[in-house]
Amino acid sequence: MERDAARTVSFSKTVITELMIPSYANFGGKIHGGILLSLMDKVAFTTASKHSGAYCVTVSVDTVDFLQPVEVGELVSMKASVNYVGNSSMVIGIKVISENVKTGVVKHTNTCYFTMVAKGEDDKPTRVPALILESKTDVRRFVEAIFRKKLKKDHDASMKEMKENWDKGEMAKLLEKERCIIQS
Ligand SMILES: CC(C)(COP(=O)(O)OP(=O)(O)OC[C@H]1O[C@@H](n2cnc3c(N)ncnc32)[C@H](O)[C@@H]1OP(=O)(O)O)[C@@H](O)C(=O)NCCC(=O)NCCS
């Protein structure tokens with residue numbers, strides 16, 4: 001296929017399933033969050049590089065909330081697809097589910113969004129193929145990614161404004177209700 005030709009969402013859809021072995025567990029016997037993050041990064045890279053046909057790097061990770069613990073012996077599946085493409089960036093949506101093979105119970109542990117950037121031979125961001133949206137779900141996810149991008153921009157601007165207008169009096173008032181002790 002031509003490198004720049006638009007590609008469907010289904011072209012790069014990827015599912016990675018891995019058995020949660022004892023060495024992945026923390027002291028409490030549950031699977032380490034870092035193991036799951038590493039798997040998410042792998043599936044995000046795979047999906048982004050399939051879509052772009054290029055080497056990709058992770059730029060940003062959005063909303064990783066571990067809603068339910070994952071146990072040793074469960075099968076964890078990461079279902080990933082390209083939700084949005086910009087110029088060189090791609091947002092990969094990842095749904096994580098964990099299955100107990102004996103009981104058949106399936107848990108949706110989280111959904112998160114990785115922003116990946118495709119790099120060219122010169123190690124600079126390179127243009128990725130446009131995305132062909134084949135279903136209403138594809139369109140909804142694309143639009144949601146645009147909203148999320150805007151919310152992040154607004155959030156960053158608000159944080160910047162807050163830091164620039166840092167008021168000592170207001171800060172002290174805010175901290176009165178918090179569980180902290182100021183020593184400086
Ligand atoms: C990602 C990287 C190439 C961006 O480089 P840059 O000089 O800022 O390039 P640009 O400003 O052209 O940004 C490239 C794209 O990244 C996007 N981007 C940059 N920072 C971002 C952020 N914090 N969140 C989301 N997207 C971001 C830009 O919006 C742009 O998207 P577009 O091309 O679709 O419009 C560079 O920051 C990098 O190499 N980072 C290290 C990545 C890495 O090592 N990851 C961990 C290991 S894989």
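Guide: One convention comes first: Ala, Val, Leu, Ile, Met, Phe, Trp, Tyr, Cys and Pro count as nonpolar, Asp, Glu, Lys and Arg as charged, and the others, Gly among them, as polar. The model is predicted: local features need pLDDT of at least 70, side-chain atom pairs count only at pLDDT 80 or more, and totals for chains, interfaces and linings use all residues. Residues are numbered from 1 along each chain as its sequence is written.

Visitor: How do the residues of the shell around the ligand divide into nonpolar, polar and charged?
Guide: The residues around the ligand are Val57, Thr58, Val59, Ser60, Gly86, Asn87, Ser88, Ser89, Thr115, Val117 and Pro125. A residue belongs here if its C-beta atom, placed from the backbone, lies within 6 Å of the molecule. The shell divides into four nonpolar, seven polar and no charged residues.

Visitor: Which strand gives the most to the shell around the ligand?
Guide: Strands (E, at least two residues) and helices (H or I, at least four) are DSSP runs, numbered from the N terminus. Both E3 and E6 supply at least two residues of the shell. The strand that gives the most, with four residues, is E3.

Visitor: In what order do the five strands form the open sheet?
Guide: Two strands pair if DSSP finds at least two bridges between them. The edge strands, each pairing on one side only, are E2 (14-19) and E3 (55-62). Antiparallel pairing gives the order E2-E4-E5-E6-E3.

Visitor: Which residue in E6 stands opposite serine 60?
Guide: E3 and E6 (residues 106-119) pair in the antiparallel sense over seven bridges. Valine 57 faces valine 117 in E6. Opposite serine 60 stands threonine 115.

Visitor: How many bridges join E5 to E6?
Guide: These strands form a hairpin with six residues between them, where glycine 104 takes a positive phi near 80°. Serine 98 has lysine 107 in E6 as its bridge partner. The antiparallel bridges that join E5 to E6 number eleven.

Visitor: Through how many residues does a hairpin join E4 to E5?
Guide: E4 and E5 run antiparallel and are joined by ten bridges. In E5, isoleucine 97 is the bridge partner of serine 77. The hairpin joins E4 to E5 through three residues.

Visitor: At about what angle to E4 does helix H3 run?
Guide: Axes are lines fitted to C-alpha atoms, for helices over the stretch in contact, and angles run from 0 to 180 degrees between N-to-C directions. Helix H2 (residues 33-52) lies across E2, E3, E4 (75-85), E5 (89-99) and E6, at about 40° to E4. Helix H3 (residues 136-164) lies across E3, E4, E5 and E6, and its angle to E4 is about 80°.

Visitor: Is alanine 48 buried or exposed?
Guide: Alanine 48 is found in helix H2. Leaving aside neighbours within four places in sequence, alanine 48 is in contact (C-beta atoms, placed from the backbone, within 7 Å) with Cys56, Met90, Ile92, Met116 and Ala118. A residue is buried if 20 or more other C-beta atoms, placed from the backbone, lie within 10 Å of its own, exposed if 12 or fewer, and partly exposed in between. Because alanine 48 has 29 C-beta neighbours inside 10 Å, it counts as buried.

Key:
Contact = placed C-beta atoms within 7 Å.
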